[in-house]
Amino acid sequence: MQAITVQDREVGAYGLALTELPHPHAAENDVIVKVHAAGFTAGELAWPGTWTDRAGRDRTPSVPGHELSGVVTELGYGTTGLTIGQRVYGLTDWARNGTLAQYTAVEARNLAPLPADVDHVTAAALPVSGLTAWQALFDHAHLQTGQSVLIHGAAGGVGSIAVQLARAVGARVIGTGRAHDRDTALGLGAHAFVDLQADKLEGIGDVDVVFDVIGGAILERSTALVRPGGTLVTIAEPVSIHPRDGRAVFFVVEPDRDRLSDLAQRVRDGRLKPIIGDVRPLNEAIAAFTPDKRTSGKTIIRVAED
């Protein structure tokens, strides 16, 4: 089968190549999925799991990408809950070969059934962004109706989902980004927008929840905005400065079949819309890791036609 692989950590994305790999093997509780569409995170080539397995052993050449939508073609021993020919989508393990391939092996528990009226490209944009946004806002920050939330990167893949979920629960939503992100964030339901290059972040006042996807100075400045009893949640980096009278949480997204099913239903109902940017074939995935211009929305790799 064809797959995008990487094997030289020093050169990063410049070491990506379209190669031929053996068909994957379905271990116990695995399924083999024919990938129709896949998503990736540009920074994942810096993650340890891209280069080594959970025991710390080199596993290159490895296949990047951890979001997929496709069809089950094979069941491993002991696998339950899914059937051959079923449409599925989900999140693959960080320390195994990923989704920028024609076929991939995935633990069945990491996948959810995909309704027939949700297309594969849309579904592939949901797993990391959707699960991250939900877990940040509700599992970690416990956002509730009537509270206020500041969402950094409100027009990005994760932030745009977070804005919609927070608005749906009845929170007051303040989004941040660059000037050209304003209309997108407000269109998704944000009540207010802060241009991080031109507006004063501290001018928004205190909020119950801050959701950070940027890190660095923005993360540090945001700690002062958390009101007593509030929570700062970040996926960018471990927190070194904590809110004076609140909590700070750094986390890595985890698979959740039930939540994936809920997110897919929200898409079906029109209550949730992921922002999709470029859609490229597998043989253009390498260029997608090093784009020559910034595009809005999540880039999706179309591996096979629906």
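Tutor: On a 1 Å grid over the protein atoms alone, a cavity is a set of points where a 1.4 Å probe fits but cannot get out; a pocket is an open set with protein on both sides within 12 Å along at least five of seven lines, and lining residues have an atom within 4 Å of a point. The model is predicted, so local features need pLDDT of at least 70 and side-chain atom pairs count only at pLDDT 80 or more, while totals for chains, interfaces and linings use all residues. Residues are numbered from 1 along each chain as its sequence is written, and side-chain values use heavy atoms, without hydrogens and water.

The structure holds one cavity of 30 Å³ or more. The space in the largest cavity is about 30 Å³, a volume being the space filled by probe spheres set on grid points that are joined across faces, edges and corners. Its lining consists of Ala125, Ser129, Gly157, Ser160, Ile161, Pro274, Ile275 and Lys298. Helix H3 gives the largest share of this lining, three residues; helices (H or I, at least four residues) and strands (E, at least two) are DSSP runs, numbered from the N terminus. By class, the cavity lining has four nonpolar residues, three polar and one charged. Here Ala, Val, Leu, Ile, Met, Phe, Trp, Tyr, Cys and Pro count as nonpolar, Asp, Glu, Lys and Arg as charged, and the others, Gly among them, as polar.

Gly157 and Lys298 also belong to the lining of the largest pocket, where they are among the residues closest to the centre, together with Thr41, Ala42 and Val158. This pocket has a volume of about 1400 Å³. Elements that give two or more residues to its lining include helix H2 (127–140), helix H3 (157–168) and strand E15 (298–302). Its lining comprises 19 nonpolar, 14 polar and seven charged residues.

Helix H2 also meets another helix. The axes of H2 and helix H6 (residues 257–269) come within 10 Å and cross at roughly 105°, where axes are lines fitted to C-alpha atoms, for helices over the stretch in contact, and angles run from 0 to 180 degrees between N-to-C directions. H2 and H6 are therefore roughly perpendicular to each other, the word used for 65 to 115 degrees. In this contact (heavy atoms within 4.5 Å), Pro127, Gly130, Leu131 and Trp134 of H2 face Arg259, Leu260, Asp262, Leu263 and Arg266 of H6.

Terms used:
Parallel < 35°, antiparallel > 145°, perpendicular 65-115°, else oblique.
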